[in-house]
Amino acid sequence: MSEWLEVSLKERIGRFDLDVSFGLGREIGVIFGPSGAGKSLTLRCLSGLQKVRKGRIVLAGRVILDTASGKSIHPCKRRMGILPQGLALFPHMTALENVMYGCNRTGEREKKTCARKWLERVRLEEYGNHYPSQLSGGQKQRVALARALASEPEMLMLDEPFSALDGPLRRNLRRDLRRLQEEAHIPVLYVTHQVEDICALGDKIFFIEKGMLTGSARVEEMLEGSGRVSFWKMMGWGNVLEGRAGISAEGRPVFRWDSGELSLKELSGPGSAVAFVRPDHVRILDPRIPVDEELSKNTFSGEVEEVLLEGGAIRMHVRTPNGYWQVERPVHGPLAEGIRPGEKLFFAVPPGAIELIFLESPEHAKRPDSPTVESLSPSTGFEESLTGNPRT
Amino acid sequence: MEQALFISLKVLAFDIPILVLVGGGLGWVFARKVFPGREVISLLLLLPIVLPPSVLGLYVLMLVGRVDLLKEAGFIFAFPANVLGSLLPSLPIMIQSSRAAFAGVDRNLEETALTLGRSPWNVFFRITLPLARRTLLAGLALSSARALGDFGTTLMIAGNIPGRTQTLPLYIYGQVGSLNFGRANAAALLLVAVGIVSLFLVRRLEAGSHERVA
């Protein structure tokens, strides 16, 4: 079945090669990948702002680009709206004028009516006379969204538009975007490196790395069952451990992998499993303060190798004798400020934050005579116990 | 003095549109287009700012002397030479200012405007020009003041013929030669006033924002 949007692009800029092909229906597609992976370049090529060496784009049955036949529609006629990272609100125009500029109407009066309607839809009708410099971050996002949609595009692209905003504001804007997309019923391509954006927004996810699409899937499939494991691995986000769950000699439920052990809160049954710990659920500890009884079995210490600022969070890649760990904290959170590469970090994994996915059938896992962790032979063939490798 | 003032204003009336179109246009090309030799051409166009006016005038005279068409058209020691003489040192100022003005406009804004379905001309007049306007006007004020006050190049190629090519600076020179310091002072004051107004305008334009005052 052909999609609403069909894309095939090949472009080389210096030594960077972009080679992506994908399709998208009238839904939200999230392009996810690390910085420098080619996410923004993909959007620029789609919108026509970047010339493409080889490619074909079909939108709503309309051929936008076909390098084989030499066809390339000018960006102003593609009807592909884009929201760049900086939003690109025109500073010499008020919010109303910004949206009017986008309105696909003839006549000032019609444009004004159209712009007012759009400002109402993003709940900014009272801010029409404000200049962008007089608006807050969230209000600017809404104006930019209203302006892009007022041009009645057949597709909308957003390049990390909410990256500079904090939690509650991001959630509100994601809700707005989801609602507006459902009303406009057009494909939306959303570029992000924030995992929560994928879960909250995406219908379909495209993984991109070094200019190549490394995978794509529907989000609901990826968030269910064993699909989650490949989802975590592809994202390169989070702490993924492959090992076995069982009962320790002291009778505690534990998860053990080839270089460590985690105490679990409860266990439905032993068996081969993958444990996942969200980096933001890992708790940073102050070594001078006694550790909670619950956490004491799951404490680790290691050297911070890399500190990355991603959106409103600081992500640290920590090397420990038990492998690499990703630890995340809000930018202004306690114990996170001032941590530099090379410093020692103490942290704990709360047993309740460990998510287990069994790789064997539950029936087998629940058999009363199932072996304990101690009786299992060490698992082999692991590339690395913790696969949340630091990103470059 | 009235005649000299009239000729100076007439020269400006020709200079300003040329400064806007040629200076502004070249500034846009240098800011927005990448082509081989761009910086070399840009530097050559800046030369008139650093060359002594007499050298500039000499080269123009030599050039005109070699081009029959210009020689026969009676270009030298006539009004067109006034226009050229004042333009040569002022045009680079306008080119530099407009280059900075256009380079200062965020390309993201222009590109986003295109994706909103607007034509490149519409984007230029509705987005680029209003955002570059302040620096462009500042450049125009400075280059116009420079054109109005040109002395050396104009003297070399247009001469100092009262009623024909004598502009205000040449008039001051003539009056000082005749020891009429009163008249020279009156004309000088006029040029000083123009200079002060230009600088005031430049300062205002540089300090302002893009937003209109409600």
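Mentor: Gladly! A polar contact is a pair of N or O atoms within 3.5 Å; within protein, one must be able to donate a hydrogen and the other to accept it, and residues adjacent in sequence count only if both atoms are side-chain atoms. Between chain B and chain A there are five residue pairs in polar contact, with both residues at pLDDT 80 or more. On the chain B side, at least two of the touching residues come from each of α6 (107-115) and α7 (120-148); helices are DSSP runs (H or I, at least four residues), as strands are (E, at least two), numbered from the N terminus. That side of chain B comprises nine nonpolar, seven polar and five charged residues. Here Ala, Val, Leu, Ile, Met, Phe, Trp, Tyr, Cys and Pro count as nonpolar, Asp, Glu, Lys and Arg as charged, and the others, Gly among them, as polar.

Please keep in mind that this is a predicted model, where local features need pLDDT of at least 70 and side-chain atom pairs count only at pLDDT 80 or more, while totals for chains, interfaces and linings use all residues. Residues are numbered from 1 along each chain as its sequence is written, chains are lettered from A and ligands numbered from 1 in the order in which they are written, and side-chain values use heavy atoms, with hydrogens and water left out.

Back to the interface. Chain B brings 21 residues to the contact and chain A brings 28 residues, contact meaning heavy atoms within 4.5 Å. About 2,100 Å² is buried between the two chains, with 58% of that area given by carbon and sulfur atoms; buried area is the accessible area (1.4 Å probe) that two parts lose on being put together, summed over both. One salt bridge is found across the interface, that is, a side-chain nitrogen of Lys or Arg within 4 Å of a carboxyl oxygen of Asp or Glu. The partners are Arg44(A) and Glu111(B), whose closest N and O atoms are 2.8 Å apart.

The largest cavity holds about 60 Å³, and its lining includes Ser8(B), Asn82(B), Leu148(B) and Asp150(B). A cavity is a set of points on a 1 Å grid over the protein atoms alone where a 1.4 Å probe fits but cannot get out, and lining residues have an atom within 4 Å of a point. Points are joined across faces, edges and corners, and a volume is the space filled by probe spheres set on them. By class, this lining has three nonpolar, five polar and one charged residue.

Key. On a 1 Å grid over the protein atoms alone, a cavity is a set of points where a 1.4 Å probe fits but cannot get out, and a pocket is an open set with protein on both sides within 12 Å along at least five of seven lines; lining residues have an atom within 4 Å of a point.
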